[in-house]
Amino acid sequence: MITREEIANVLDQPVYDGDGNKIGDAKHVFFDDMTGRPEWVSVKTGMFGSTESFVPIRDAALVQDHLEVPYGKDQVKGAPSVDVDAGGHLSETEEHRLYDYYGINWDSVLSEAERTDDDRFAAGPGTAGAAGAAGAAGAAGLAGTRGEAGGKDLRGAGAGGTAGTAGGMTGRQDAMEREAMRGDQAMTRSEEQMHIGVERHESGRARLRKYVVTEEVQQTVPVTHEEVRVVREPITDANRDEAMAGPEISEAEHEVTLHAERPVVETETVPVERVRMTTEELTENETVRGQVRKERIEAETESFTEDEMRQGDKRRGRE
């Protein structure tokens, strides 16, 4: 169980469930005006702490730098929303709803409060004032705390003690507020990053195809032929005998065969070259565009009027 002296170590500290999951941050602690003990803690949950859920603190434990409660994260986030009045009080009806949600027997809680109340009054009229000076619920806070149905009123942290002391609780609350302000007020900003890869796919096909064409070829080839040429030789002593060998006067013929060359064409198939296909990779730059989401964090300042600040001092037990 968390004592009043440990409240300064609870406010604005992380709250975890029994499985080590962070639920949120503790913002306010509510005391039972009948017993003077911490009864509930409000936990800021959701995005940027937009939701506040109530958790019983009677079975909670302060572990190092955080508060651990015996309830699951989803259970706490699903707790019913309750209203707290301007004086920082949680009504009996709202408290009853919360106890039912967390499976806590209302009669046992009421009996425990009555026993504590009887013990404190049996100790004498000076006990209530001493308890208020030590940070417990003050005598003025105890007066009128019982409702018509015998229930009990809950006040924010320090509300009852402040009413029943001569300034003893004020000093403790100031110390608690200073301790709470030293808590971690940072936010984590995240953004998406775009990672680009490549995939290989078919972009086309190439093939070698062989076919036959006929083309005209022209080439000049030298050819020879024979022609007849008549050669007349005079009679000389050298050829006289051969010339006088025949009859003196007669008819005769002499035949000569003439020759000529003509082109002859024939074809021959010979290999001239080898043809094959290869592939090579070329690298080029291509611009890729996409969309990524980024978080932005801005500071918002809220100013209070003097009346609001005076009312805030009255509710100091919740701060």
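1. Basis of the note. The model is predicted, and the points below should be read with that in mind.

2. Strands E1 and E2. Strand E1, residues 14-16, runs antiparallel to E2, and three bridges join the two. Within this pairing, Val-15 has Gly-24 of E2 as its bridge partner. Five residues lie between the strands in the hairpin of E1 and E2, where Gly-20 adopts a positive phi near 85°.

3. Strands E2 and E3. Strand E2 spans residues 22-32 and pairs with E3 in the antiparallel sense, over six bridges.

4. Strands E3 and E4. E3 also pairs with strand E4, residues 51-56; this pairing is antiparallel and has six bridges.

5. Burial of the strands. How much of E2 is covered? Eight of the 11 residues of E2 are buried, and the strand is mostly covered. For E3, residues 38-45, seven of the eight residues are buried, so this strand is largely enclosed by the rest of the structure. E3 is also the strand that pairs with E2 and with E4.

6. A nonpolar surface patch. Which residues form the nonpolar patch on the surface? The patch consists of Met-194, Ile-196, Val-288 and Val-292, which together have about 340 Å² of accessible area.

7. The position of Met-194. One member of the patch, Met-194, lies in the loop between helix H7 (168-181) and helix H8 (240-243). Is Met-194 buried, partly exposed or exposed? Its relative accessibility is 43%. Buried means under 20% and exposed means over 50%, so Met-194 counts as partly exposed.

Methods
Residues numbered from 1 in each chain as written. Predicted model: local features only at pLDDT ≥ 70, side-chain atom pairs only at ≥ 80, totals over all residues. Heavy atoms only, no water. Buried < 20%, exposed > 50% of the residue type's maximum accessible area, 1.4 Å probe, protein only. Helix = DSSP H or I, 4+ residues; strand = E, 2+ residues; numbered from the N terminus. Pairing = 2+ DSSP bridges. Patch = residues over 30% accessible without salt bridge, like charges linked within 9 Å, V, L, I, M, F, W, Y side chains within 5 Å. Areas by Shrake-Rupley, 256 points an atom, 1.4 Å probe, with all protein chains shown as cover. Salt bridge = Lys/Arg side-chain N within 4 Å of Asp/Glu carboxyl O.
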